[in-house]
Amino acid sequence: MTKKLPRVAAVHDVSGYGKCALTVAMPVISAAGVEVCPVPTAILSTNTLFDNFTFFDYTPHMRAHFDHWRQLGLKFDCVYSGFLGSIEQIDYVLELIEGFDSGISVIDPVMGDNGIVIKTYTPAMCEKMVSLVAKADIATPNITEACLLTGCEYKEAELNSAEAQQLCEQIIALGCKNVVLTGVRRGSKLYNCAYEQGGGYFEIAINLLPYNMHGTGDLFTSVLVSGLMRGYGLRQCVDSAARFVYDAMEYGRDIEDIFDRGVAFEPIVYRLGSGLYQKG
């Protein structure tokens, strides 16, 4: 009997330092027993939070990349996209979703955080991102990205449950099937707020740590994808991802240069072997 190895097309940038994107997605998803086929969107010396980073746009090479995959007859169980380097790349991700007999699409509409838009993103790119989220089986925006998608004004005030649900419903109204609104702070807790097709609204809460690290958003969605590819439901996968990110941040807080290096998931990534985070 032929064994099934799930395959994910991961469309993200490669940052040489400051862990995020493909340097997170590939090891994390692979640790869960899932194959990752990368599509680099850009190559950067560091992530965009550092000053004076170098940026190489991969857009001119993506047509040949996809054409070769099409010649090989590749098919995917999931298309998972994150940071995109140009407006044209949004169309390439749409092509990947629609033209490669792909399974589910998980779109992390990476555009900004804390009310600040990423330096390489133009207003036209942010507007175009709506068309990609509309095709998503699951979208995972943070609050800043959710506001950019829906045209809502970003406010630093905490979102209560009703406000978070309303924002989720506005994103669902764009056309996507499920949404996970990440990083909702409320008192001493951090919530991931989700609206699931057929299941309605739910929230998963963890304790809020008193510090931030690079790469936690990419880590969260990569763990989420890992669970989905191993057959688990959305609620289980959100819970698994939230707990894994929390423990990785807590484990790494005393590591040298951790707040430049990014979240230290490597020491505990083996605990994702089943697709869901198993602590201890």
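Biologist: What relative accessible area does Pro-38 have, and does the residue count as buried, exposed or partly exposed?

Modeller: Pro-38 has a relative accessible area of 29% and is therefore partly exposed, where buried means under 20%, exposed over 50%, and partly exposed in between, with a 1.4 Å probe and protein chains only. This is a predicted model, in which local features need pLDDT of at least 70 and side-chain atom pairs count only at pLDDT 80 or more, whereas totals for chains, interfaces and linings use all residues. Residues are numbered from 1 along each chain as its sequence is written, and side-chain values use heavy atoms, with hydrogens and water left out.

Biologist: In which strand does Pro-38 lie, and how does that strand pair with E1?

Modeller: Strands of a sheet pair through backbone hydrogen bonds, either parallel or antiparallel. Pro-38 belongs to strand E2; strands (E, at least two residues) and helices (H or I, at least four) are DSSP runs, numbered from the N terminus. Eight bridges connect E1 (residues 7–15) with E2 (residues 35–44) in the parallel sense, two strands being counted as paired if DSSP finds at least two bridges between them. Within this pair, Pro-40 of E2 stands opposite His-12, while 9.7 Å separates the C-alpha atoms of Pro-38 and Val-14, which are 24 residues apart along the chain.

Biologist: What is the strand order of the open sheet, and which strands are its edges?

Modeller: The order is E3-E2-E1-E4-E5-E8-E9-E10-E11, an open sheet of nine strands with mixed pairing. Its edge strands, each pairing on one side only, are E3 (55–57) and E11 (200–207).

Biologist: Which way do E4 and E5 run relative to one another, parallel or antiparallel, and what is the handedness of the crossover between them?

Modeller: E4 (residues 78–81) and E5 (residues 104–107) run parallel and are joined by four bridges, with Cys-78 opposite Ile-104 of E5. Between E4 and E5 the chain passes through helix H3 (residues 87–99), giving a right-handed β-α-β crossover; right-handed here means that, with the strands pointing away from the viewer, the path from the first strand over the helix to the second runs clockwise. E5 is also joined in parallel to E8 (residues 138–139) by two bridges, and Ala-139 in E8 is the bridge partner of Ile-107.

Biologist: How many bridges pair E10 with E11, and how many residues lie between the two in their hairpin?

Modeller: E10 (residues 189–196) pairs with E11 in the antiparallel sense over eight bridges, and Glu-196 stands opposite Gly-200 in E11. Three residues lie between the strands of this hairpin, and Gly-198 in the turn has a positive phi of about 85 degrees.

Biologist: Which phi value does Asn-52 have, and which does Asn-114 have?

Modeller: Most residues other than glycine have a negative phi. Asn-52, however, has a positive phi near 65 degrees; this residue sits in the loop between E2 and E3 and is exposed, at 77% relative accessible area. Asn-114 likewise has a positive phi, of about 55 degrees, without being a glycine; its place is the loop between E6 (112–113) and E7 (116–117), and at 53% relative accessibility Asn-114 counts as exposed.

Biologist: What is the volume of the second largest pocket, and which helix gives the most to its lining?

Modeller: Rolling a probe the size of a water molecule over the atoms shows where empty space is left. On a 1 Å grid over the protein atoms alone, a pocket is an open set of points where a 1.4 Å probe fits, with protein on both sides within 12 Å along at least five of seven lines, and lining residues have an atom within 4 Å of a point. The second largest pocket has a volume of about 260 Å³, taken as the space filled by probe spheres set on the points, which are joined across faces, edges and corners. H5 (143–150) and H6 (161–172) each supply at least two lining residues, and H6 gives the most, with four. Among the lining residues are Ile-143, Cys-147, Glu-163 and Gln-170. The lining divides into six nonpolar, two polar and four charged residues, where Ala, Val, Leu, Ile, Met, Phe, Trp, Tyr, Cys and Pro count as nonpolar, Asp, Glu, Lys and Arg as charged, and the others, Gly among them, as polar.
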